[in-house]
Amino acid sequence: MTANKKKLMKYIAGFLASLILSVVCMAVLWSVGSYAAMTEQPPTTTAEIETTLPYDEPLRDDPDADESILDLLDVNDNNGTLDLVILITILTLAPSILLMFTCFTRIIIVFSLLRNAMGIQTVPPNQVLIGLAFFITMFVMAPVFSEINEIAYVPYKNGEMTTLEACTAASEPLKEFMLMQTKEETLEFFCDLSGDEFVTDEAAMELPLTTVVPAFILSEINTAFTIGFLLFIPFLVIDVVVSSLLMSMGMIMLPPATIAMPFKILMFVLVDGWQLLIGALVTGFYV
């Protein structure tokens, strides 16, 4: 008990010493900052204030003449402030936009199911699969992005369109792409849920994005799981054959998955599986 008490007192003394040292450091830093603030002399004359401003324009005495931030964010004005706001918003929502409006969902799900079917949970790594899926998505969506650039972004930068008009024009190619991949029964299901009238062909372009986007995502998930089921079949056959051979030889304690994995990898490499899979994925999209 005496040794434990000594040890406890030692820990308490160390803690108190650290606490006192931290308080002293904070006091020193606060004193230095206060001294620097007191010694700094702010400009007192109008001329000195004007020289310290980051703008070339003179100081305006009338506060009503200042430009409101609401005026800077006018959606009908092509200015740099609005471009910056749009850029920050796009960068913030980029992962969601990539998942919702492109073919990234189908590709990454198929890659994940393929890795599970082969029995290798961490190879290729997630970063490699996501990077490969991203660049394949850019390859598939290149015609759509090119059309958006021509009909929306270039006219907007030239001042021929307002921001709202450019956004409306940019949504048309994306909506057309999503409708081409969406199954009719899925689209009809979401039309019934939202109360919209179900239409097909060109009339479907009049449907709102709130109906088209979830129908597109659900269709992509269903298609990806269908492809994953077909991928599992050959690897499942290898598992069954290896398990049967091990049972017939009396090797019950040997894990069949460990023996089957090299044969799965060998078969996938011999048939050039990555190229076949990516080729089937790319040609499966209607662009």
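Here are some notes on the predicted model shown above.

1. **Ground rules.** This is a predicted model, so local features need pLDDT of at least 70, side-chain atom pairs count only at pLDDT 80 or more, and totals for chains, interfaces and linings use all residues. Residues are numbered from 1 along each chain as its sequence is written, and side-chain values use heavy atoms, with hydrogens and water left out.

2. **Overall make-up.** You are looking at a chain with eleven helices and zero strands. Helices here are DSSP runs of H or I with at least four residues, strands are runs of E with at least two, and both are numbered from the N terminus. Read from the N terminus, the order is simply α-α-α-α-α-α-α-α-α-α-α.

3. **Burial and surface.** The chain has 287 residues, and 25% of them count as buried. Buried means under 20% relative accessible area, exposed means over 50%, and partly exposed is in between (1.4 Å probe, protein chains only). The accessible surface of the chain is about 19400 Å², with 69% of that belonging to carbon and sulfur atoms. Those areas come from the Shrake-Rupley method with a 1.4 Å probe, and for residues only the protein chains shown count as cover.

4. **Contacts along the chain.** Take the contacts in the chain with a separation of 6 or more: 69% of them are between residues 24 or more positions apart. A contact means heavy atoms within 4.5 Å.

5. The structure holds two salt bridges, each defined as a side-chain nitrogen of Lys or Arg within 4 Å of a carboxyl oxygen of Asp or Glu. One joins Glu220 to Arg106, with the closest N and O atoms 2.7 Å apart. Glu220 sits in helix α9 and Arg106 in helix α5 (residues 104–118), so this pair ties together parts that are 114 residues apart in sequence. Both Glu220 and Arg106 are buried, Arg106 at 5% relative accessibility. Leaving aside neighbours within four places in sequence, Arg106 also has contacts that include Gln181, Thr223, Ile227, Leu281 and Phe285.

6. Asp239 lies in helix α9 and Lys264 in helix α10, so here the parts tied together are 25 residues apart in sequence. What about burial? Lys264 is buried, with a relative accessible area of 6%, whereas Asp239 is partly exposed at 24%.

7. Ser219 belongs to helix α9 (residues 209–248) and is buried, at 0% relative accessibility. Its side chain reaches the backbone oxygen of Ala215 at 3.0 Å, which is a polar contact (a pair of N or O atoms within 3.5 Å; within protein, one must be able to donate a hydrogen and the other to accept it, and residues adjacent in sequence count only if both atoms are side-chain atoms). Not counting residues up to four places away in sequence, Ser219 touches Gln181, Thr182, Lys183 and Thr186. Leu218 lies in helix α9 too, but is partly exposed, at 31%. Beyond its neighbours within four places in sequence, Leu218 is in contact with Thr186 and Phe190. Leu218 and Thr182 are 36 residues apart in sequence, with 8.3 Å between their C-alpha atoms.

8. **A nonpolar surface patch.** Which residues form the nonpolar patch on the surface? They are Phe229, Leu230, Ile233, Val237, Val241, Leu245, Met249, Met251 and Leu254, with about 840 Å² of accessible area together. Patches are made of residues with over 30% relative accessible area and no salt bridge; like charges are joined within 9 Å, and nonpolar side chains (Val, Leu, Ile, Met, Phe, Trp, Tyr) within 5 Å. One of the members, Leu245, has its place in helix α9.

9. **Cysteines.** There are zero disulfides in the structure, taking a disulfide as a pair of cysteine sulfur atoms within 2.5 Å. Cys167 is partly exposed, at 48% relative accessibility, while Cys191 is buried at 0%.

10. **A backbone detail.** Asp272 has a positive phi of about 55°, although Asp272 is not a glycine. Its place is in the loop between α10 (256–270) and α11 (273–283), and it is partly exposed, with a relative accessible area of 38%.
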